[in-house]
Amino acid sequence: MSSELRDKQYDVIIIGAGFGGMYALHRLRKLGYRVRVLEAADGVGGTWYWNRYPGARCDVESLEYSYSFDDDLQQQWDWPERFSAQPDIEKYANHVADRFDLRKDIQFSTRIASAEFDNEEASWTIRSVDGDTFTSQYLVLAVGNLSLPRVPDFPGLNEFKGRWFHTGQWPKETVDFSGRTVGVIGTGSSGIQLIPIVAQQAKHLYVFQRTANYSVPAMNRPLAADVAAKHKAQYRTWRDNAKSTPFGIAGHAPPEKFAADDEFEQRRRLFEEKWETGGNISFLYAYKDLLTNEQANDMACDFVRDKIRGTVKDPSTAELLIPNDHPIGTKRLCLDTNYYETYNRDNVSLVNVRKAPIESVTVNGLRTTEAEYPLDDLIFATGYDAMTGAILDIDISVKGGARLEDAWRDGPKTYLGVMVNGFPNMSIITGPGSPSVKTNMISAIEQHVDWITDLVEHMSSKGKAKFQAQPDAQENWVQHVNEVADSTLYPKANSWYTGANIPGKPRVFMPYVAGLDKYRKICDDVAKDGYRGVTIE
Ligand code: N01
């Protein structure tokens with residue numbers, strides 16, 4: 001065997017150098033495993049590497065949306081703002097990579113095309129699109145939940161003579177929109193953050209909206225030194241408390257009252273207080289039944305609708321911005337700074353592409369069934385093939401056996417969101433069927449990586465070669481995930497949580513919404529029971 005080939009044999013291959021892949025590398029390497037991370041980008045950060053669009057900012061407060069595994073790191077790192085912007089989060093990811101000397105085990109600019117498991121050898125063979133080959137006993141997919149951007153299939157995009165961008169693949173160079181006529185398609189979290197910033201530069205901004213979305217103010221501000229110091233003095237307690245909450249966030253106490261416990265005026269006061277506090281968790285924590293009881297949810301919707309009417313001066317624009325097709329919070333509740341206010345600017349027009357759908361991109365702009373809009377620049381804030389897209393973008397198979405794409409033809413099936421029957425020694429960080437996107441992602445990542453690392457250690461200590469989910473354990477888990485979702489209002493929205501944003505994608509509710517606290521307990525119990533539901537051989 002050539003030394004080059006030998007060098008490419010590892011205990012663990014991790015795909016992705018975002019927050020999941022970086023922590024998995026750190027943990028597994030510290031235990032003595034030979035680990036290699038393969039990353040398509042030329043830098044670390046995952047979603048925070050790619051999402052450089054103007055206004056990109058986290059919707060979880062930075063003192064909580066950060067690693068908890070190292071005390072010195074959390075004490076020494078200073079966040080400049082309450083909700084950090086993309087450049088600061090990317091800076092943090094780079095700091096972590098340098099501080100823990102991660103780069104030497106990350107191969108950048110390496111996009112993976114396929115991964116095949118050989119049952120005889122108990123090993124994975126992983127191939128890059130450039131033809132590099134790697135082998136490993138274990139494969140860890142840390143590819144992210146929102147990392148396969150989706151550009152709708154409008155005819156004519158190739159002929160467009162202006163510039164076009166997708167929020168999730170934003171260029172590194174600053175893009176200047178001064179003096180230009182710009183179109184934005186999409187009013188999800190990305191569009192809602194980007195629109196107020198682009199509006200300040202553009203000569204004119206057209207927002208092409210198909211579905212109105214709920215948004216609440218971030219009330220972002222610089223993080224005062226005394227606030228950070230107070231938090232840091234109790235950091236361990238904060239982190240421990242976060243573990244026993246559904247969202248993996250300690251800063252907001254779970255609500256105790258039902259919406260109907262309060263009279264109209266009391267409720268309005270509470271919603272107002274939450275609105276002024278800022279943040280989506282704050283708002284959704286107004287009452288304990290906002291996401292389970294339609295009447296309670298309607299009360300919160302009405303409050304936000306009145307806020308929109310009170311902010312947007314033109315009544316017909318306000319009505320168009322008012323969501324009416326889903327309960328609040330059943331799609332990711334957007335967090336904004338001056339989103340609704342932006343529609344009071346003379347240089348911003350809201351175009352209803354529900355009523356007159358987009359037909360095509362033209363040489364000079366965008367055509368709907370009603371009009372053509374001349375544009376210099378077109379921005380797609382059109383989202384992602386979420387949760388399964390980046391996994392299935394890799395051709396994952398077992399030699400002489402199944403392909404993951406076939407196994408998931410009717411929707412993803414996992415055990416605990418972590419592993420898949422028929423695909424041994426493969427684990428997913430924050431996969432479908434885990435709390436993932438319904439929590440503070442970094443809390444979810446740390447829990448997953450720790451659990452997977454413990455499983456690998458368990459295998460090593462017993463001299464075992466392979467693990468995989470048992471079929472009945474997986475079926476039961478999928479059923480449980482669905483039952484929990486069905487006990488809430490989440491399935492009432494056509495959201496990317498269900499795959500509804502991708503034409504032809506099976507409709508399955510993908511995240512586990514019982515809460516990270518309950519999920520953590522289940523995973524701990526499974527491990528204590530000798531990895532119940534997992535075949536280890
Ligand atoms: O994507 P989305 P996103 N014609 O899928 C529209 C996270 N995130 O990138 O609803 C016209 O939510 C589509 O319209 P409709 C967060 O979890 C977090 O904004 O399908 N319009 C919708 O308005 C978030 O949920 C942060 O009718 C079309 C928009 O495009 C997730 O990422 C920041 C269309 C897509 O919205 C994804 O958010 C940013 C078409 N053919 C993102 N196709 C923070 O941390 C699509 N649309 C704050």
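Around the ligand stand 25 residues, of which Thr187, Ser190, Arg210, Thr211 and Trp496 come nearest; a residue is counted here if one of its heavy atoms lies within 4 Å of the ligand. The model is predicted, so that local features need pLDDT of at least 70 and side-chain atom pairs count only at pLDDT 80 or more, while totals for chains, interfaces and linings use all residues. Residues are numbered from 1 along each chain as its sequence is written, and side-chain values use heavy atoms, with hydrogens and water left out.

By class, the shell around the ligand has nine nonpolar, nine polar and seven charged residues. In this scheme Ala, Val, Leu, Ile, Met, Phe, Trp, Tyr, Cys and Pro are nonpolar, Asp, Glu, Lys and Arg are charged, and the others, Gly among them, are polar. Helix H6 (residues 189-201) gives the largest share of the shell, three residues.

Polar contacts are pairs of N or O atoms within 3.5 Å. A polar side-chain atom of Arg210 lies 2.8 Å from an oxygen atom of the ligand, and a polar backbone atom of Thr187 is 2.9 Å from an oxygen atom of the ligand. In the side chain of Arg150, an N or O atom is 3.4 Å from a nitrogen atom of the ligand. Taken alone the ligand exposes 910 Å², and the protein buries 87% of that (Shrake-Rupley method, 1.4 Å probe).

A cavity is a set of points where a 1.4 Å probe fits but cannot get out; a pocket is an open set with protein on both sides within 12 Å along at least five of seven lines; lining residues have an atom within 4 Å of a point. The second largest pocket has a volume of about 540 Å³. Its lining comprises 22 residues, with Pro246, Phe247, Leu291, Val513 and Ala514 nearest the centre; 13 are nonpolar, four polar and five charged.

The structure holds five cavities of 30 Å³ or more, and the largest cavity has a volume of about 150 Å³. Of the 17 residues lining the largest cavity, Phe247, Asn280, Ile281, Arg332 and Lys438 lie nearest its centre.

The C-alpha trace of the protein spans about 70 × 60 × 45 Å along its principal axes.

Terms used: On a 1 Å grid over the protein atoms alone, a cavity is a set of points where a 1.4 Å probe fits but cannot get out, and a pocket is an open set with protein on both sides within 12 Å along at least five of seven lines; lining residues have an atom within 4 Å of a point. Grid points are joined across faces, edges and corners, and a volume is the space filled by probe spheres set on the points. A polar contact is a pair of N or O atoms within 3.5 Å; within protein, one must be able to donate a hydrogen and the other to accept it, and residues adjacent in sequence count only if both atoms are side-chain atoms. Helices (H or I, at least four residues) and strands (E, at least two) are DSSP runs, numbered from the N terminus.
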